[in-house]
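Let's walk through some charged pairs together. Have a look first, then we'll chat.

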Amino acid sequence: MSARAADQQRLIIGEAVEVELPVARLATRAVAIGIDAFIQIMLYILLSTLLGAVAVQANFAVASTLSVLVLVFTFVVWPVSFETLSRGRSPGKFALGLRVVRDDGGPIRFRHALTRGLIGVAIEWPGLFLPPLTWIFGSSCILFSARGKRLGDLAAGTIVLVERLPDLSRQHPISMPPELARWARDLDLTGIDDSLAMTLRQFLTRAPRMRAEARTSLGRRLADEVLRSTTPPPPPGTPGWAYLNAVLAERRRREAERLAARRAVVALGAPALPTPVPGPDGSWKPS
């Protein structure tokens, strides 16, 4: 596995478009852990304060039990439950656009979150055994792991990915190649449904982040599918990327024209449609 492949996780997202999401590295995960740690500390202080009055009036055994329960809830029950119910996110991961998934890219389950949580409490954060030495060891594990895994990830078979990527459609806008604008005006686009159009849009906006061989292979398959769904074929020698851009740009132009026409009709005031009324034989007829 190459260094680039090890740094990314291939996943199938919307409309079966294959993309690669980058692995979350130490700096990003440290910020996310810092946010989670702050929330947990505030939660611990709040619960301890609320139960303080009960603990003062209780005997030592009850006070110790309450203290342990607050500790377990704050650092085990809370993060494990949140990560399970949110399908791999914590408050810090929500803020940073991260998600925990299985090694195969699927969503984690309770057992994965529990394994990560227990190892985190024992060795990483808060690290009940030899902190801050275990913090340094856990950070080193993320730093030197090929896929940015901490000890909890290694034990649970999980990985943390960056799923909130920048808006690539703005960085790489889909525009009509000038040399194909005239040809595209006569295109029959009835075979391009919303599903195929979404697939094209996903591919064209994410293509710059894909490896060359994956981009070429997927682009060729999409071009063949579009070619079967449209007429006439592109001019000889047209590059595949230009062909797909032209098809999608022309479809978007026609959609914009239809939308503008509908808005114009509404602005001018469309005539009211006849209201159907029941006839004597029970059928509905315009009034």
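Author: Quick definition first: buried means under 20% relative accessible area, exposed over 50%, and partly exposed in between, using a 1.4 Å probe and protein chains only. This is a predicted model, where local features need pLDDT of at least 70, side-chain atom pairs count only at pLDDT 80 or more, and totals for chains, interfaces and linings use all residues. Residues are numbered from 1 along each chain as its sequence is written, and side-chain values use heavy atoms, leaving out hydrogens and water.

Reader: Okay, is Glu 250 buried or exposed?

Author: Its relative accessible area comes to 1%. Buried means under 20%, so Glu 250 is buried.

Reader: Which side chain does Glu 250 meet in a salt bridge?

Author: A salt bridge needs a side-chain nitrogen of Lys or Arg within 4 Å of a carboxyl oxygen of Asp or Glu. Here the N to O distance is 2.8 Å, and the partner of Glu 250 is Arg 254.

Reader: And how many residues apart in sequence are the parts that Glu 83 and Arg 116 tie together?

Author: These two side chains form a salt bridge at 3.0 Å, N to O. Glu 83 sits in helix 4 and Arg 116 in helix 6 (residues 110-123), so the parts tied together are 33 residues apart. Helices here are DSSP runs (H or I, at least four residues), numbered from the N terminus.

Reader: Which residues are linked with Glu 83 in a network of salt bridges?

Author: Glu 83 also meets Lys 93, at 3.7 Å from N to O. The whole network joins Glu 83 with Arg 29, Lys 93, Arg 116 and Asp 153.

Terms used
Helix = DSSP H or I, 4+ residues; strand = E, 2+ residues; numbered from the N terminus.
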